[in-house]
Amino acid sequence: MTDQPRRRRPHTPNRPGKPYRRPQKDPVRILAFEALRAVDERDAYANLVLPPLLRKARESAEAGSGPRFDARDAALATELVYGTLRHQGTYDAIIAECVDRPLRDVDPPVLDVLNLGAHQLLGTRIPTHAAVSASVELARVVLGDGRAKFVNAVLRRIAAHDLDGWLERVAPPYDEDPEEYLGVRHSHPRWVVSALWDALGGGSAGMEELLAADNERPEVTLVARPGRSTPGELLDAVGEGSAVPGRWSPYAVRLTEGGEPGALEAVREGRAGVQDEGSQLVAIALANAPLEGEDRRWLDGCAGPGGKAALLGALAAERGASLLAAEKQPHRARLVARALAGNPGPYQVIAADGTRPPWRPGGFDRVLVDVPCTGLGALRRRPEARWRRRPEDLEGFAPLQRGLLREALASARIGGVVGYATCSPHPAETRAVVEDILKGRGGPAVSAEWIDVRPLLPGLPELGEGPDIQLWPHRHGTDAMYLALLRRTG
């Protein structure tokens, strides 16, 4: 018996190693990548970009025209997007240690994939091998095989240490550079750390609590609009164990298990809405401020997108008062009109510039201006804002903020109440604006006096020395809203 020659494997030219395998398309990670690219390329906000992407994926799956995409997939995609944006500064510092070039020389789409991978490795319970392989597959789909090899190499370096191990390597000692230490450890730009420290005061313990709170996922808070819905209705609709009453606002309900607010009948009908409890407190305090004489005409001079206007409109209706809601941008004015639709009392929505108002001065009993600002008080909800804003933005908003407050005071009658609110704790956007107007810096002084806000919100702790108030996410569980109340005296 002769030996048979060993059969050779057929040779394929130009195909060394393993045969080519098509990359696997993961709908969750592709969606997360698309959201991050929109944030980077179009300066979009994740809270506006993500919902339509999730809805499209869900509808495609239900119609059979796309891959499976259920509630768990939506939850993972949401965590990947928001977690990556919140911790981007920390992950960038780690990635910089693992690449052979300055981070600015890494293409932004590649950096987005690396940040997504870093979050899966260091910020979730996804197993290491799954986090790396899923990120490399994503890179193959959206970047190509060549750059996928680069992603694979970098992520394997990142996987060599856990988050605490990396922070020991990339964050300087606190004693040497406390602002940089806090910025790297809690993923905030250095100037934001400095700005928040100025606003908060105190030692590092309070700062660490604040910065950590900025990186927590905020609960969804609903508002039951008075006269149209009640917290009890919302609690019953959500179901036992999935919602609890608000901490401070009598109209608030907190969703403890997440969920989709739009599925609630009261929200669909506009009788309730999604609104941070701090935002609710601003409207409540203005409505509760003591007032002599008539209380018939209210004004929201910066009404977009409509949350405070809807609550103010409902509170005004209970007293037989009317609300004028003004918003400069027409598309935002349409959002205000949608929020106020069905309000039981008289109201009007107009597109108008509050610094050059079309209404006659001195005609309103209560006036609110929630002015445009840097948004440093809402970093939990808009984490990308911390990377988008610059220190010079503080100066850029200043003229607008002062102009809006000056015209708001002019719009109030003698004895009327004006609320100045902003979603920023930075002193340059809060008390400094009010004091400049009252003392005539940059224009004629306005005759007005402070109203102490604290007694108008009983039970709310840690409000400082007054008369204005500053809310904090780590103390009150709200956005960092600021509110000053003034009474026009002349």
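Where is Cys-302 found? Cys-302 sits in the loop that runs between strand E5 (297-300) and helix H15 (307-318), where helices (H or I, at least four residues) and strands (E, at least two) are DSSP runs numbered from the N terminus.

The model is predicted, so that local features need pLDDT of at least 70 and side-chain atom pairs count only at pLDDT 80 or more, whereas totals for chains, interfaces and linings use all residues. Residues are numbered from 1 along each chain as its sequence is written, and side-chain values use heavy atoms, with hydrogens and water left out.

**View 1. Surroundings of Cys-302.** Cys-302 is buried, with a relative accessible area of 13%; buried means under 20% relative accessible area, exposed over 50%, and partly exposed in between (1.4 Å probe, protein chains only). Leaving aside neighbours within four places in sequence, Cys-302 is in contact with residues including Glu-327, Asp-370 and Leu-404, contact meaning heavy atoms within 4.5 Å.

**View 2. Surroundings of Ala-303.** Ala-303 also lies in the loop between E5 and H15 and, at 4% relative accessibility, counts as buried. Residues up to four places away in sequence not being counted, Ala-303 touches Ala-309, Ala-325, Ala-326, Glu-327 and Val-336.

**View 3. Helix H14.** Helix H14 (residues 277-288) has 12 residues and reaches 16 Å from its first C-alpha to its last, close to the 16 Å expected at 1.5 Å a residue, the expected span being 1.5 Å times one less than the number of residues. Of the 12 residues in H14, 11 are buried, among them Glu-277, Leu-281 and Ala-287.
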